[in-house]
Amino acid sequence: MNSPIQKQPVLEVKNLNVEYPVNFRSGFQRETKQAVIDVSFNIFPGECFAIVGESGCGKSSIIDAILGFVQTTSGTILFEKQDLMKLSLQRFRKLRPKIQPVFQDYNQALNPRQRIGDIFKETLPRNLRESQTDQLLTSVGLSNEILNYFPHQLSGGQKQRIVLARALSVKPSLLLLDEPVTSQDLSVAVQIVELLISLRKIMPMTFLLVSHNLSIVQLLADRVAVMKNGQLLEQQPLSTLLQNPKHDYTKNIISQTTQL
Amino acid sequence: MILLSVKNLSVQIPHHDKAIHLLKDISFTLKRGETLAIIGESGCGKSTLCKSILGLLPQYFQTTGSLTVYQNDVDIQLHNQNDPHFNTIRGSNISMVFQDAPGSINPLFKCGQQIVDVLKEHASGSPIQNKQRAIQLIEQVGLTDTEDIFNKYPHQLSGGMSQRIALALALAGNPDILIADEPTSSLDVTAKTQYLDLLRKLRAKNNLSLILITHNLNDALSFSDSILIMYNGRGIEYRHTADLQQGPAHPYTKALLDIQTALNQGRLPQSIPGETPSITKSIPGCPFHPRCPKTSDICRATLPQPTFFLGNHFVCCHHPLKSK
């Protein structure tokens, strides 16, 4: 595992709060549900920071907030020292390619009517397209035969690799991995994890990994935060968390993961 | 007592001037109270197998082989997917919780009403009795606040709760066999453990036979009595769970077990090289040979026939590993 190289964090999340409106029936009174409550963490360059927690605990809301998909209620998100919430739309759009998501549902992440080759036409400059596409496909373990295929002609593992290659094509400095292997078969999941580990070795990559599967997280993460009901219960280096979990909930997750 | 016997079941669909074989020569038996886990990668035919047992495949799917359901000492032979006998066994003998359980519940009707509708079909109770039984079922699947849930629409429930409502719907016909298709794949660790505990309780209480389709080896090993490993539409190893854990005979099973053991120990496992083959491509010889470390000329040329262990358990491999 790579260790943090510099002290300056790539991403700083401070006292983040996200809430969603619920129950529109109650007339003028707008009821809300707090999905993320006062969450703070830093991610350093070259690091893989993971957030673990059960479904609905607010993990994906954090990712959505970083990507600007949801409005935050309060708090700050500093990416490369710039407050994402205070940026103008134009500046945010310019900065946004540096943060790339890889979502759980690879089927919905790819346009079913677009050939794989056309995906890279959108992201790569024309003069370098051919060589860079080849390079990208090789880095994710695919051959360029695949460029003429539509997504439905690919297996789940191949689709997830394409999603990863697309994210890498704009040379992001932060990759947001939202349950990247949850819907994959065991053997494919292991291949994707191996791929992510090898990518971290060949290019400087910072990951924010979100998952409910601790057995996958422990293969990739340097530091892990445990989340429950919208709050971060604890965040520690992986080995410390596994050996000395502070919270009962963390102990519970670890015991459920390791039992055969 | 055997409840279900599947012998050489094959399913194919016509494709241009060829046929695509979705299932090839699948055989297994299921006894009362037994849990069979079916394991395999996506697209290997697990769900097709279970749908064929319930007669839910579309009409253009051609099935061959025999499917026998034993009901009160009467054997019901099911010859094809249009067999009228399926209507009598579906729900009351065999029922199924589908992979996308929340999606399998009708979003336009209240949960309780949907359970009552199933009860009307399978039991001859009065409306009040049916409502009481529906509330009982909601309670049985581990949900509290039963009256409230009875009157809720599916979208008002969480993923775990709708999974349980789907289970209540499947149990409403009081079946002998329950097929659970990837019941826990969308649940997190805590919800998954709770759901499996619930299945364990129901299995003991109702003396249910279970067919658990999963790609999670941990669940299968901890939960089942026997395991059928599928690859590319074929059953490649069918063993008692304890035997399989001690010594898998097929290299694919061993690779899966090694991956799971490494993950449980927090190590990076050795992945299986290559890609899962598409079901539309026919592979000469053993379907696993392009990824197998023990491949030889015979593997590339000839399809391995089953080598039988005790009973009807088998492995299909030219070079089986030594197993206990």
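Let me begin with A:Gln34, which sits in strand S2 of chain A, residues 31–43; strands here are DSSP runs of E with at least two residues, helices are runs of H or I with at least four, and both are numbered from the N terminus. This is a predicted model, in which local features need pLDDT of at least 70, side-chain atom pairs count only at pLDDT 80 or more, and totals for chains, interfaces and linings use all residues. Residues are numbered from 1 along each chain as its sequence is written, while chains are lettered from A and ligands numbered from 1 in the order in which they are written.

Setting aside neighbours within four places in sequence, A:Gln34 is in contact with A:Asn17, A:Glu19 and A:Gly230, where contact denotes C-beta atoms, placed from the backbone, within 7 Å. By C-alpha atoms, A:Gln34 and A:Asn144 are separated by 45 Å, at 110 residues apart along the chain.

I turn to the interface. On chain B, 26 residues are in contact with 21 residues of chain A. Helices H8 (189–206), H9 (217–223) and H11 (251–264) of chain B each give two or more residues to this side, and H11(B) provides the largest share, five residues. By class, the side of chain B that touches chain A has 10 nonpolar, 13 polar and three charged residues. Nonpolar covers Ala, Val, Leu, Ile, Met, Phe, Trp, Tyr, Cys and Pro; charged covers Asp, Glu, Lys and Arg; the others, Gly among them, are polar.

Next, the domains of chain B. The assignment gives domain 1 (2–93 + 178–187 + 208–315) and domain 2 (100–174), with bounds from an automatic or database domain assignment. Their C-alpha centres lie 30 Å apart. Six residues of domain 1 are in contact with 10 residues of domain 2.

Finally, the largest nonpolar core has 161 residues, and B:Ile211 is among those with the most contacts inside it. Such a core is a set of buried Ala, Val, Leu, Ile, Met, Phe, Trp, Tyr and Cys residues joined through C-beta atoms within 7 Å. Helix H7 of chain B, residues 159–171, gives the most to this core, with eight residues. Both domains of chain B give residues to this core, so it lies between them.

How values were computed. Two residues are in contact if their C-beta atoms, placed from the backbone, lie within 7 Å. A residue is buried if 20 or more other C-beta atoms lie within 10 Å of its own, exposed if 12 or fewer, and partly exposed in between; C-beta atoms are placed from the backbone.
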